Protein chains: 2
Amino acid sequence: MLHTSIEEIAKYNGKEVKLQGWLYNLRSSGKIHFLQVRDGSGFIQGVMVKNDVGEELFNKVKEMSQESSVTVEGIVKEDHRAPSGYELSITNVELVHKADEYPISKKEHGTDFLMDHRHLWLRSPRQVAIMKIRDTLVKATRDFFHKDGFTLVDAPILTPSSCEGTTTLFETDYFDTKAYLSQSGQLYMEAAALALGKVYCFGPTFRAEKSKTRRHLIEFWMIEPEMAYVEFEENLQIQENYLTYIVEEVLEHNKKELEVLDRDLTKLESIKAPFPRITYDKAIELLQEKGEDIKWGDDFGAPHETIIAEQFQKPVFVTHYPTKIKSFYMKPDPQRPEVVLAADLLAPEGYGEIIGGSERISSLDLLMERVEQENLPLDAYQWYIDLRKYGSVPHSGFGLGLERTVAWVCGLDHIRETIPFPRMLNRMYP
Amino acid sequence: MLHTSIEEIAKYNGKEVKLQGWLYNLRSSGKIHFLQVRDGSGFIQGVMVKNDVGEELFNKVKEMSQESSVTVEGIVKEDHRAPSGYELSITNVELVHKADEYPISKKEHGTDFLMDHRHLWLRSPRQVAIMKIRDTLVKATRDFFHKDGFTLVDAPILTPSSCEGTTTLFETDYFDTKAYLSQSGQLYMEAAALALGKVYCFGPTFRAEKSKTRRHLIEFWMIEPEMAYVEFEENLQIQENYLTYIVEEVLEHNKKELEVLDRDLTKLESIKAPFPRITYDKAIELLQEKGEDIKWGDDFGAPHETIIAEQFQKPVFVTHYPTKIKSFYMKPDPQRPEVVLAADLLAPEGYGEIIGGSERISSLDLLMERVEQENLPLDAYQWYIDLRKYGSVPHSGFGLGLERTVAWVCGLDHIRETIPFPRMLNRMYP
Ligand SMILES: [Mg+2]
Ligand SMILES: [Mg+2]
């Protein structure tokens, strides 16, 4: 008998195959069982007719509980009504393990309950769909940068100091000195870009933020490309090409999953470079016109980002933020040093900032000025300062938050479903 | 003028191109400069003849210091004596930034000095070669599992408890409870395998070990595949096919880098599945024959692993370890419960264990027995125990340490060179 997976079932139309999986649902109608079977690669319906398989097997299956592990044998039949396009005419079912009464039923469950059962919740078609799209986004990301000549350079997680400010750091004892969990690999990527030209890191980052919003995770994954000899404008072009590519890849490989999620495909199909741009100045004007109480020099909150993004069908770059509200390493605009050569990319449909990027300061004097203004510890940053002493070059980079991107591409209400095991305020289990 | 990179230079034979990079070395011989230029994608020699470029430019270049950033224009010439196969007949050089006196010279430096300057040391041809091979190994890993239908499922880093024992954990405060940095994503992968069939995680892991050996890092990356419905034997086959694939990919894509590292290619070319196997019992006998003071039930030390590995040209699986010295989740051999269905894979040439894997316990009763024997906190492990209540299946997995694999493939003496920014005992800078 051919042992295969549901994902590959189309290859076996008309043939008898064996699947190893779980009984997701059982519905009976007199002398017919309808078995929904899942095997991790997909879901399929199996039809078992009492007269075909005999009474003994038919009755045995009746006793099989939801999420019992089973091997199923049957003949593959094309069926255009089936979500997978195929059905299985079942010839045999064997029980591997009979499941206890499954805690997650078809009825609505509260969020806390589902989160407490995340290890089981992950089995639902919706969560499987999200995880597969997340996988595609990661693979597409790595493929995009690989094809373009980037080298992966993993940034360290344990660091002696912080990149993004010191109030939201997780601290640990490192053999009698203090270490902090990384909030960004960027500074390390700058060193690596001067060694390897085009580099990226892609790892977990941590913010001990006491915020409980639908956009925040304590632990999240970030991709951070950094490029020597790339200036502000080219940096934006790389970002829009990159985002276009990963959305295309999801549209190509995850049609089924987007359908499970009931995602409006037209919203994703319109994501094509180039993306619109608006300066911070114009954005402030726009917000003021819309009646928001905001003035030049203020940072945007989530509602502001949503208002700005709503003006566009595609992601939008907000450029030239005030120097004062941005990070010390960003290059001030030589024509107008009160703003930096930075841009945030806001996703459509209210998903907020998914990319933050900038050209970096390459001048030693200017960097020292900013380091002093921000009161950064010279010891810890000496290596970073070194980069401006030995062959400094114009360079730029950006960081994309994976989970916010997953939320947007999947059209999810809350970021907690974008990562297999979310870490949030008051949530570290399972 | 065509703007390109050294990696792509073969496409432009006979043409004039522009490179953006750094002056790695300058040697002059009367009326000729030999410039070694690097741009992150490769190294190339440029030849500048005084009579061709004029005295002014020729003298300007003489003042350019090592690691100064420069743009170089010249005509690409095939040259079989050149390591890259090409030379550049230089027509122009422009200085972007003149480097201060570069701290890393051709002379020998002590390890501490090089580690303190890791951000610059990364620019050397040897370190660039290692980073590129590391990149290939990561990409090949992800490609291998993707092609075979695995889904990436990122494991959490912050966890409420440990997988591998509690003496070597980094601890941090997580909103007034304690969190620990992950030592393995395996238990989470078991949950994910029951949802998605074949899964893997690939992220940083942490061991607060006070050991200072050439094989240990505090922070290292591990790939951990986990597969539902896969038993002991198939698990080993997947491992040997996987390792064969990633070594082949390095041989295909990194010939130049392996040459820089002076790696004996025949050693890598012989890495083809299947790999030899030896039981723990036989390995103990072998060690005793070799005069080692070891008895059944003892764990191997690094010297023991080296002696075992020396008997073989390929990596060797050591199988069926005593249950008592292995982790609680490993499945005891039903025929002989004092040993587990586990195998470590020892790399050749004394590089030690690079993979540890096993079939996992799928029986609830047996797992509870082991959890009690090991005195594990039931609260923290409840979700893991759940997996044996709801559709338990035979399942297996393994973990490969990326850095030890890089060390072996590159033929390095010390693991510190295998990761961009190593974290070791007494070393967290830069
Ligand atoms: Mg922002
Ligand atoms: Mg071991």
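Two strands count as paired if DSSP finds at least two bridges between them; strands (E, at least two residues) and helices (H or I, at least four) are DSSP runs, numbered from the N terminus. This is a predicted model, where local features need pLDDT of at least 70, side-chain atom pairs count only at pLDDT 80 or more, and totals for chains, interfaces and linings use all residues. Residues are numbered from 1 along each chain as its sequence is written, chains are lettered from A in the order in which they are written, and side-chain values use heavy atoms, without hydrogens or water.

**Exercise 1.** Work out which strands flank strand 14 of chain A, and in what sense they run.

*Solution.* Start with strand 17 (residues 342-347): four bridges tie it to strand 14, antiparallel. Here A:Thr319 has A:Ala343 as its bridge partner. Now take strand 13 (residues 277-279), which pairs with strand 14 in the parallel sense over three bridges. There A:Thr279 sits opposite A:Thr319.

**Exercise 2.** Sort the side chains of strand 14 (residues 316-319) by direction.

*Solution.* A:Val316 and A:Val318 point one way, A:Phe317 and A:Thr319 the other. All of them are buried (under 20% relative accessible area, 1.4 Å probe, protein chains only).

**Exercise 3.** Describe the interface of chain A and chain B.

*Solution.* First, contacts (heavy atoms within 4.5 Å): 97 residues of chain A touch 96 of chain B. Next, salt bridges (a Lys or Arg side-chain nitrogen within 4 Å of an Asp or Glu carboxyl oxygen): the count is four. One of them joins A:Asp154 and B:Arg134 at 2.6 Å, N to O. Finally, helix 5 (residues 125-147) gives the largest share of chain A's side, 10 residues.

Conventions: Buried < 20%, exposed > 50% of the residue type's maximum accessible area, 1.4 Å probe, protein only.
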